[in-house]
Amino acid sequence: MEQLIRGIHHVTAIAADTTKNLEFYAGILGLRLVKQTVNFDAPEVYHLYYGDEAGQPGTILTFFPYGGLRNGRHGKGMLNTTAFSLPSASVGYWTERLKRFNVPFKPPAERFGEETVIYFEDADGLGLELVFSDKDQRKGWSYGPVPQEHAIRGFYNVEIWEEGYERTAGLLTEQLDHRLIAERSNRFRFAAADSPGNYIDLVCAPDSLKGLAGSGTVHHLAFRTPDKDTQLQVRERIVKRMLNPTPVLDRNYFTSIYFREPGGVLFEVATDVPGFAADEPADRLGESLQLPSWFEKDRAELEKKLGPLAYNMEHYK
Ligand code: ZN
């Protein structure tokens, strides 16, 4: 069977405050803001995309900042932790950096015998990790506030809590081209490509409360597929599994289908093309508000409602 799914495309989460979100991800974590646009389903809300220099799949964390939204709750049926990939030599740099910006973090822990993991949360309580290993060949952003040798390479893995892992594992392995590559106690790691940026950890957490949507929680996880043709083939597989996928939707930088996995997490399959340079030059990504053609007529009104994005990058160097 042809491999239609090649790994993780992006993770989308919910935030409560636009400026705090920008300061945390572009400032403290030093990710590149690769796109400022709006929520295509609610255009009075920003949609901010952070990633590596080119905004490649496997590096993209996006947010809908809903002003003043109440906090959600981590729990089962939810993607609770999004982990970033770093070289093992950067542990000292990052513990110092988190301390400098008063971000509380748990002491470094070992995972699968080859990863050092530090857990922390953003201002809304979104679960994050820094994973330090020597497995990642990708480069960090060279012009960000963090020196390139210590810059985030993209995702390492995501962690989903489930009542039981079997039905989600079945979907991953049978329809989404993943295989089980590691397991330890209640953690089962799947991947469509065995490289950092593509690991899906299913954690059995039957005794946890059910996750509740709100700020500080993940809205959905998107997998990557090369193009519209492979996307339609994946869609057929999802239809056959009776998971009722949406029609193909145009997200300007990719096309998408969505469906809910058996444990309750919203999954998306997004195309690699056309990518984030579709509507602005690659060296100016994220510098100005981009709207899909169908919202251009409302630009003046939307800009007024959204308010400008502002933060002082110098403060984070
Ligand atoms: Zn998405």
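**Entry 1. Arg224 and Asp272**

I took a salt bridge to be a side-chain nitrogen of Lys or Arg within 4 Å of a carboxyl oxygen of Asp or Glu. The model I examined is predicted. I looked up Arg224 and found that it forms a salt bridge with Asp272, the closest N and O atoms being 2.9 Å apart. That distance is within 4 Å, so the pair meets the criterion. Arg224 lies in strand β13 and Asp272 in the loop between β16 and α5, so the bridge ties together parts 48 residues apart in sequence. I noted Arg224 as partly exposed, with a relative accessible area of 22%. Asp272 is also partly exposed, at 23%.

**Entry 2. Other salt bridges**

I recorded a count of 21 salt bridges. Among them is the bridge between the side chains of Lys35 and Asp279, at 2.6 Å from N to O. Lys35 belongs to strand β2 (residues 32-39), and Asp279 to the loop between β16 (266-271) and α5 (299-306), so this pair joins parts that are 244 residues apart in sequence.

I next turned to Glu163, which forms a salt bridge with Lys76; their closest N and O atoms are 2.8 Å apart. Both residues are in loops: Glu163 between β9 (155-162) and α3 (166-174), and Lys76 between β4 (60-65) and β5 (78-87), so parts 87 residues apart in sequence are tied together. Lys76 counts as buried at 16% relative accessibility. I also found a network of salt bridges that links Glu115, Glu159, Arg187, Arg189 and Asp201.

**Entry 3. The zinc ion**

Which residues coordinate the zinc ion? I found His10 through NE2, His220 through NE2 and Glu268 through OE, at 1.9 to 2.0 Å. The spacing of these donor residues in sequence is H-x209-H-x47-E. His10 lies in strand β1 (residues 7-15) and His220 in strand β13 (residues 218-225), so the two histidines tie together parts 210 residues apart in sequence. I noted both His10 and His220 as buried.

**Entry 4. Nonpolar cores**

I looked up the largest nonpolar core and found that it has 67 residues. Those with the most contacts inside this core are Tyr25, Leu29, Leu176, Ile200, Leu221 and Phe267. Helix α1 (residues 18-28) supplies the largest share, five residues. A second, separate core has nine residues, including Ala222, Tyr253, Ala270 and Leu285.

I then listed the contacts of Leu29, leaving aside neighbours within four places in sequence. Leu29 is in contact with Phe24, Phe84, Trp94, Phe120, Leu128, Val146 and Ile152.

**Entry 5. Aromatic rings**

My search of the whole structure gave 19 aromatic pairs. For Phe24 and Tyr25, the ring centres are 5.0 Å apart and the planes stand at 65°, so I classed the pair as edge-to-face. Phe24 and Tyr25 are both buried. Ring pairs link Phe24 and Tyr25 with Tyr50, Phe63 and Phe120 in a cluster. Phe24 and Phe120 are also contacts of Leu29.

Finally, I checked for charges over rings. Arg97 lies over the face of Trp94, 5.9 Å from the ring centre. The charged end of Lys106 sits over the ring of Tyr119, at 5.0 Å from its centre.

Note on methods:
Residues are numbered from 1 along each chain as its sequence is written. This is a predicted model: local features need pLDDT of at least 70, side-chain atom pairs count only at pLDDT 80 or more; totals for chains, interfaces and linings use all residues. Side-chain values use heavy atoms; hydrogens and water are left out. Donors are N, O and S atoms within 2.8 Å of the metal (3.2 Å for Na, K and Ca); water is not among the atoms, so sites may look incomplete. Helices (H or I, at least four residues) and strands (E, at least two) are DSSP runs, numbered from the N terminus. Buried means under 20% relative accessible area, exposed over 50%, partly exposed in between (1.4 Å probe, protein chains only). A nonpolar core is a set of buried Ala, Val, Leu, Ile, Met, Phe, Trp, Tyr and Cys residues joined through side-chain atoms within 4.5 Å. Contact means heavy atoms within 4.5 Å. Rings of Phe, Tyr and Trp (its six-membered ring) pair if their centres lie within 6.5 Å; planes under 30 degrees apart count as stacked, over 60 as edge-to-face and the rest as tilted. A charge sits over a ring if NZ of Lys or CZ of Arg is within 6 Å of the ring centre and within 35 degrees of the ring normal.
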